[in-house]
Amino acid sequence: MGVRLFDTLQGAVRPFDSREPGVARMYTCGPTVYNFTHIGHLRPAVVADVLARHLSLRGYRVTWVTNFTDIDDKIIARAQEEGEAPAALAQRYIDDYLENLAALGIDRIERFVRVTDHMPDIVDMIGRLVAGGFAYQVDGDVYFAVEAKADYGKLSGRTLGEMRAGARVEVDPRKRHPMDFALWKAAKPGEPSWPSPWGAGRPGWHIECSAMSLRYLGNGFDIHGGGADLIFPHHENEVAQAEAATGVGPFVRFWVHNAMVEVDREKMSKSLGNFVPLRDLVAAHPGGALRFFVLSTHYRKPLQYSASAIDEAQRAWTRLVQARAAWLEPPGGRRGAAGAADLVRVETVRATDAGEPAGEWPSAAPARQARPLPDVASAAEQGFLDALDDDLNTAGALGHLFELVRAGNAALAAGADSVQLADARGALERCGEVLGLWVGADTAAGARAGRPSDLADRLIRLLVDLRAEARSYRDWTTADRIRDGLAEAGVSLDDTPSGTRWRWSEAPDAVPGARP
RNA sequence: GGCGACGUAGCCAAGUGGCAAGGCAAGGGUCUGCAAAACCCUUAUGCGGCGGUUCGAAUCCGCCCGUCGCCUCCA
C-alpha cells in the first residue's frame, strides 16, 4: 500500500511521494530556547522520529534537519532578567533539549541548525525578497508584504479578509498591511545584532526556517513538521517567503502537524505557565514509557497530559517490556522437542483475512481457532506496519502489538521455549524498535543506579540461587527475606513452574540511588 | 465573528458503509508455600443528541449540544 500522510495544505491523507525516489527530506521546527523543554515540545519530536524510522523501514534514506531559534525577543528579555548573555542562556536550554532527546532515544536527527549560525543565508534571502518586490524597508526594519503574494493564507485556509488583524496585538502603523510581518528587526541599544544592508539587527521569527530548510534540503523538499499551533502564522509565512523567494512552488510536499498536548483541557504552553518540564518526567520514567504515552494517541488528536495518564502508559508499556524479556530467556531453558508444535498454537478470535466468501456477509462470529504462533506473529507485524503506513496510526499499531503479546505470553504459559518463541520475539522487537519503545527498557534501573551491571547481574543471580535452595528446604522465611530484600533494591522476581526469572523493577522510586 | 479539529465502556483509545481492536482499572478463576508476574473468563444491542440517505450507519448528509485549537508569544 505504501506510506500515506495527511498534508495540512491539501487537508487530506494522500500517498507519500518524495521529490527524489528513495530519499525523504524532512525539516521540523524546534524550540525557541528561552525555557525548559516540556512534553508539548516532545510530541512533534517523537512523531517525527517515528516517521523517520518508519520511512527508513519502508526503504527511504531519511535526511532530517531541525532548528533552534536561539535569538529572539523572549530570549533577550529573559537574558536581561537573569543578567546573562542571550547566547549563554540559549545554550543552557539547548543543552536541556538535547539531553531530553537523548533520554527519549530521538536519534535520527541528522543536523541541528541555529539561527545565529545562518545570518548570511537569512540576509541573502531577505535581499531577494526585497529585490523581488515582496518586502519593503521601514527605518531599519524589513517587512514582508502579504498582499504581494496572491495565495497568502492557503496553508491555514484563510484569506486576508477573514483575519482579524490586530485582535491581540496593536497594529504597527508603519506597515502597509496589518498582516505584514517582520523579516528583519532593527537592533535597539544593547541588543545583540548582526550587520545587514538595512542596518544592524536580527531576523524576524519566520525567515530562519525558510532560509535554513532551503539551504539544507532544497526547494520542494518532502516533509515539514511541527505543532499545529505553528500553522498560522509561522508556517503560512514560511510558505509565502520561500515561494516568493524561489519563484517555484511548492516549497514543501507534505505539511505534517501534530495536535496539542493539553493540561486540564487547555493547551500546555510556556506562555500559559502550565507546563511540566520534560527533564522531571525523564528523571521519573523510562524514555520508552514516555514515548508510549505520546504514541498511544494519534498525532492529529489532542493529547491529555496528567501524571496518572503517564503512569497508566508506563504500566501498559511494562507489559510489552516484560513480554520481550520473558520470551528471550524462558527460565526453564530447553524443553523436549516432543509435542513442541502444539505449544505454539494459540487460540485466537481474529478472523483470518482469507477465507471469507466474496460478496457474502458473515452472519456469525467465527469460531475460535488455533493458529500457529509464527502466523500470529507475522499477521500482527503486518497489521502493525499497515497501521503506520496509514498516516502514522500509532495507536492502532499498538493494538496489533498487544495482540502479539497476548499470543506469545499464552504460548509461553503453555510451555514454549525461546526457540519456539523466536518468530514472535523477532516481530515484537522490530515493531517496538520502529516506535522506539525499548529506550530505557533493558537496563533502566541498573544503569540509573550507576552499578556495574555485570557485577549486579552476578550478585542477583547468586541470591536467586540461594533463595531457590532455601525454598527446596521449605525455608520460607529465608526465601521471603531474599525476595523482599531484592524488591527493596529494585529487583523483582518471577517464579514460574520451571524456575525463577528476575528483572529490574520498573519503578525508579524503588531503586536506591536512582535519583541524584 | 471567521477558519479548523474533535465527542466511542469507569478511564485512555483504534475503527470512516457490512462481526465495536487494544490498553489501564475492576471482579472471578488457573498457577504459586504465600505473593508477584503470566494465562483464562467477565465488563458498550451501542459510538454526544435529534432527524435523513441506505438492505445495512460509530462511519455518509442536515440541524443542535459540548470540548479544544488558530485568527502576528507558542511544539
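How do H9 and H12 lie to each other: parallel or oblique? Keep that in mind while we get our bearings. What you're looking at is a predicted model, and chain A holds 16 helices and 18 strands. Of its 516 residues, 41% count as buried. Take the contacts in chain A with a separation of 6 or more: 73% of them come from residues 24 or more positions apart.

Now back to the opening question. Two packed helices are described by the angle between their axes and the distance between the axes. For helix H9 (residues 307–328) and helix H12 (residues 394–413), the axes come within 10 Å and cross at roughly 40°. Angles under 35 degrees count as roughly parallel, so H9 and H12 are oblique to each other. Their crossing is left-handed. On the H9 side, the contact is made by Arg 319, Leu 320, Ala 323, Ala 326 and Trp 327, and on the H12 side by Leu 401, Val 405, Gly 408, Asn 409 and Leu 412. Sort the residues of this contact by class and you get 7 nonpolar, 2 polar and 1 charged.

Stay with H12 for a moment, and look at the helix by itself. H12 has 20 residues, and from its first C-alpha to its last it reaches 28 Å, close to the 28 Å expected at 1.5 Å a residue. Its buried residues include Thr 394, Ala 397, Leu 398, His 400 and Leu 401. Further along H12, Leu 404, Val 405, Ala 407, Gly 408, Ala 411 and Leu 412 are buried too. An α-helix has 3.6 residues a turn, so residues three or four places apart point the same way. Follow the chain past the end of H12 and you come to Gly 415, with a positive phi near 110°.

H12 has another partner, H11. The axes of H11 and H12 come within 7 Å and cross at roughly 170°, and the two helices are therefore roughly antiparallel to each other. H11 brings Leu 373, Val 376, Ala 377, Ala 380, Gly 383, Phe 384, Ala 387 and Leu 388 to this contact. From H12, the residues taking part include Thr 394, Gly 396, Ala 397, His 400, Leu 401 and Glu 403, along with Leu 404, Ala 407, Gly 408 and Ala 411. By class, the contact of H11 with H12 has 12 nonpolar, 5 polar and 1 charged residues.

H11 in turn leads us to H13. Helix H11 (residues 373–389) and helix H13 (residues 422–435) pack at an angle of about 15°, with their axes 8 Å apart. That angle makes H11 roughly parallel to H13. H11 passes H13 in a left-handed crossing. Here Leu 373, Pro 374, Ala 377, Ser 378, Ala 380, Glu 381, Phe 384 and Leu 388 of H11 meet Asp 423, Ala 424, Ala 427, Arg 430, Cys 431 and Val 434 of H13. This contact divides into 10 nonpolar, 1 polar and 3 charged residues.

Next, hop over to helix H1 (residues 39–57). With 19 residues at 1.5 Å a residue, H1 should span 27 Å, and its end C-alpha atoms are 26 Å apart, which agrees. H1 is mostly covered, with 16 of its 19 residues buried. Just after H1 sits Gly 59, with a positive phi of about 100°.

Last come a few backbone details. Most residues other than glycine have a negative phi, and most peptide bonds are trans. Asp 139 is in the loop between strand S6 (135–138) and strand S7 (141–144), and is exposed, with 9 other C-beta atoms within 10 Å. Arg 474 belongs to the loop between helix H15 (453–472) and helix H16 (476–488); Arg 474 is exposed as well, with 8 other C-beta atoms within 10 Å.

As for the peptide bonds, a cis bond joins Phe 232 and Pro 233, with omega about 5°. Pro 233 is part of helix H6 (residues 231–246). Another cis bond runs from Gly 249 to Pro 250, where omega is near -5°. Look for Pro 250 in the loop between H6 and strand S11 (252–258).

Key: Residues numbered from 1 in each chain as written. Chains lettered and ligands numbered in written order. Predicted model: local features only at pLDDT ≥ 70, side-chain atom pairs only at ≥ 80, totals over all residues. Axes fitted to C-alpha atoms, helices over the stretch in contact; angles between N-to-C directions. Helix = DSSP H or I, 4+ residues; strand = E, 2+ residues; numbered from the N terminus. Parallel < 35°, antiparallel > 145°, perpendicular 65-115°, else oblique. Left-handed = near helix turned anticlockwise from the far one by under 90°. Contact = placed C-beta atoms within 7 Å. Nonpolar A, V, L, I, M, F, W, Y, C, P; charged D, E, K, R; others polar. Expected span 1.5 Å × (residues − 1). Buried ≥ 20, exposed ≤ 12 C-beta atoms within 10 Å, placed from the backbone.
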